[in-house]
Amino acid sequence: MSSRNFTNQLELPEWVVRGLTYSNYNKDGIKFDISCTTLIDGPLKNYLTIANKEAIVEEASEMLWSVYGTAVHNIFEQANVGASDVLVEKRFVSPYDLNGEQVDVSCQIDCLEIESKILWDIKNISVWAIVRQDYSKFEKQLNVNCSIMRHHGYDVKKLYILGICRDWARGRAGEGNYPSHPIQVLPIKRWTNEEQDQYIEDRLALHRAHEAGDLPVVCSDEERWYSGSKYAIMRKGRVKAVKLCDTEEEAEEYVKSLFDKKGVYLQFRPGSYRRCESYCNVSEFCPTMVNL
């Protein structure tokens, strides 16, 4: 059962709320200093989460997709219990050095194929992550997992994501980068052993520096899910943009290349910090929010 604080704005039955807010995270009670997911995330968010743990309140209904993801993981785990060819849903903890101090970093893997030495992570994601080829966070997570497992004697050779697209639409299959099926196998770049360990050490130092007050109190654009400003090339009578460009100069050059310029105009679309505005559970405690 979760120890977090939740509201029930939809006035759902209590049994539904219990299901939405249930958590079996680290059910074995294994001790560690920082998890892989926290390590790769923003130090400021982690700091604010710890500092305001008792005051953070979340809405139960907004946990739906988390429950969905947990359910999918549980199915694959239960289906492979006792299988000799894979290792599933196992937590590992490894020590790393931070200026002479030992810091224990934890990860929980989804699946390791024993013979092929392929490490998999199951992701319940929006189809648009695949359309945008947005895999940087997956790459960081899997390489951290790979490093931790290597310290336990597992020589992981390849990394893959099993992407399950929760919002896939059959009618759009095959359009550009839009996937042809709702389940996708995504190869992820494996860093060198040295790159993996160095990344972990750098992230630990970053988190520790923030705790000591040595960093600006701001998250990066990547951590805030900044969409980036765009210049939309529009044509009167159309709802969708003809093309989206990153700069005004690029947009103007594209307009010049059009044979038919009738009804064409530029529309500036300012970027937004999507995580801060809609998805961060500590945004109300964040000093940078006043500037958004």
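These are my notebook entries on a predicted model of one protein chain.

**Conventions.** I number residues from 1 along each chain as its sequence is written. The model is predicted, so I noted that local features need pLDDT of at least 70, that side-chain atom pairs count only at pLDDT 80 or more, that totals for chains, interfaces and linings use all residues, and that side-chain values use heavy atoms, with hydrogens and water left out.

**Whole chain.** I looked up the secondary structure and found 9 helices and 11 strands in the protein chain. Helices (H or I, at least four residues) and strands (E, at least two) are DSSP runs, numbered from the N terminus. Along the principal axes, the C-alpha atoms fill a box of roughly 65 × 50 × 45 Å. The chain has 292 residues, and 39% of them count as buried. For burial I use relative accessible area: buried is under 20%, exposed is over 50%, and partly exposed is in between (1.4 Å probe, protein chains only). The protein chain exposes about 17,400 Å², with carbon and sulfur atoms supplying 51% of that area. Accessible areas come from the Shrake-Rupley method with a 1.4 Å probe, and for residues only the protein chains shown count as cover. I also checked contacts (heavy atoms within 4.5 Å). Among those between residues at least 6 apart in sequence, 68% join residues at least 24 apart.

**Strand 7.** I went to strand 7 (residues 158-165) next; 7 of its 8 residues are buried, so the strand is largely enclosed by the rest of the structure. Two strands pair if DSSP finds at least two bridges between them. Strand 8 (residues 183-188) pairs with strand 7 in the antiparallel sense, over 6 bridges. There I found Gly 163 opposite Gln 184 of strand 8.

**Sheet 10-9-11.** I then traced an open sheet of 3 strands, with order 10-9-11 and antiparallel pairing. Strand 10 (243-245) and strand 11 (264-269) stand at the edges with a single partner strand each, so one side of each has no neighbour in the sheet. From one strand to the next, the twist averages 30 degrees; axes are lines fitted to C-alpha atoms, for helices over the stretch in contact, and angles run from 0 to 180 degrees between N-to-C directions. Strand 9 (residues 230-235) pairs with strand 10 over 3 bridges. Tyr 231 stands opposite Cys 245 of strand 10.

**Positive phi.** Most residues other than glycine have a negative phi, and I looked for exceptions. Asn 99 has a positive phi of about 50 degrees. Asn 99 lies in the loop between strand 4 (86-98) and strand 5 (101-113) and is exposed, at 79% relative accessible area. Lys 117 also has a positive phi, near 60 degrees. Lys 117 sits in the loop between strand 5 and strand 6 and is partly exposed, at 35%.

**Surface patch.** Last, I noted a nonpolar surface patch of Leu 64, Trp 65 and Tyr 68, with about 310 Å² of accessible area together. Patches are made of residues with over 30% relative accessible area and no salt bridge; like charges are joined within 9 Å, and nonpolar side chains (Val, Leu, Ile, Met, Phe, Trp, Tyr) within 5 Å. A salt bridge is a side-chain nitrogen of Lys or Arg within 4 Å of a carboxyl oxygen of Asp or Glu. Leu 64 belongs to helix 4 (residues 64-79) and is partly exposed, with a relative accessible area of 45%.
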